[in-house]
Amino acid sequence: MPETKEVNLSEKEAKLRDFILNDSMFKVILKIGLPIAFFQGLNNLLRILDAFMATSIDSTAASMVTYFGQMNLIINALGLGLATGATLKISQMYGKGDYATVKKQISSLFAFAGIFCLALLVIVAPLATPILRMMNAPAEFITLGRNYFLIELFSTMITIWNAIYIALERVQGNAKRILYMNLVAMAIRLSLTAFSVYILREGITFIAISTLLSQSFIFVYGLYNLMKKSDVFTISVKEVSFKRKLLWPMIGISIPIMIERSAFHVGKTVVNAMITTWGSLVVGGLGISNLICGVSVAPQMGMQDASISVMAQNLGAAKVKRVIEAFKAVLVINVIQATLFFLPSFIFARQITGLFAIGDPMFHDILYAIYLFDVWSILALSAYNAVMALLFGLGYTKLTLFLNFCRIFLFRIPVLLLLQHFTNMQEEAAGFVMVFSNISVSLLGVVIGIICLIRLCRKHEISFWETAK
């Protein structure tokens, strides 16, 4: 086809592609992963600051911010699943050197995502109150937080588009651009939130508006970058195609990820609904505990995201040994990082949790009891996140769905039911069930990861024990 000859890499793209396919794998993972890991950690820290500033309103406001944040993550997970799955296929084609197909994939993906977001908005927005009731949200949350939820919903639609753009920048290895762009967005969000809470003395609705404006900045910046370029990673109406042969491979591999990530957050919402029997402060305590631990776990997720595209590109280029090297690199990095973060998090647990319950000793006692268990998840998830990166990189999205299904619906919800009905544990049960499920799924994930590595080595006639060194 003539268009194949016209699509060429820019000098910068060619250099980054060669770096990913040929340079030292530890160097590749660190160079691409560290800025993304740093951003993920800051992003989670920003969510904590939202909750922290909400405590300046009252403890109920802080609980609502964490609760509704979890609700919107369910919808956001659909878009993130689409971004992860679709860019796996794009990465493989990019690794193969089929740039014409890559360009068509990108334009078609953004068109599909626009239709997808619009459809979600039309369906979910009118049903906001019934959905909140169905999820057993506390009555005061529905009354006071409905507008917050709706504004966050609009932000989520933009975030889905942004997630695809960021994933494409990750494929190219533009980690620093991702970091700088998100730092500006964070600065916008944090300053506006602080202004609304401390100066205007407004409620949580203005926190949601701050999020919307910061995500809008990324949307405009991303659109500018995608429209101004004339190379492979650009969007063009002429390149849009909804043909099954082009679009379905991206959607098909994304569906298990979309289900997996949404089910994970649905499960967390179910857990929130179950623990409302102990009061709304326990719901808020669990949410804030998850956010605090997330500051340590989020960088692991950043390394995971970076390594997925690296693995997929090398797999597309038939460099299987480098796929295994990437897995080993992210595993070692995650375990070291988790250990370094866990120690101060555990030692200063009372001081850290005290920051979120100033003037409210009862809320602090609840939060501290939950966090003492939850903090061990930092260590438990380090190996798990590396295994998930491997499974995503190999395109085994059904296995990632299976693992997260087990995490929530085998190791978490049933265990919480047992604790509620057969023990005297109360708020501490919420923390215990988190670490129990995370340790259990990590052990299961390691077993599955080893099996997948053995099969991969056999398929390509590589010695597993040699690669394991």
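I first looked up arginine 350, which lies over the face of tyrosine 368 at 4.0 Å from the ring centre. A charge counts as over a ring if NZ of Lys or CZ of Arg is within 6 Å of the ring centre and within 35 degrees of the ring normal. Lysine 31 lies over the face of phenylalanine 19, at 4.9 Å from the ring centre.

I note that this is a predicted model, where local features need pLDDT of at least 70 and side-chain atom pairs count only at pLDDT 80 or more, while totals for chains, interfaces and linings use all residues. Residues are numbered from 1 along each chain as its sequence is written, and side-chain values use heavy atoms, leaving out hydrogens and water.

I then turned to aromatic pairs, meaning rings of Phe, Tyr and Trp (its six-membered ring) with centres within 6.5 Å; planes under 30 degrees apart are stacked, over 60 edge-to-face, and the rest tilted. The count comes to twelve aromatic pairs. Phenylalanine 110 and tryptophan 161 form a tilted pair, with 4.7 Å between centres and 40 degrees between planes. Phenylalanine 110 lies in helix H5 (residues 99-124) and tryptophan 161 in helix H7 (residues 139-172), so the pair ties together parts 51 residues apart in sequence. Helices here are DSSP runs (H or I, at least four residues), numbered from the N terminus.

I checked burial, where buried means under 20% relative accessible area, exposed over 50%, and partly exposed in between (1.4 Å probe, protein chains only). Phenylalanine 110 is buried at 6%, and tryptophan 161 is buried at 10%.

Conventions:
Helix = DSSP H or I, 4+ residues; strand = E, 2+ residues; numbered from the N terminus.
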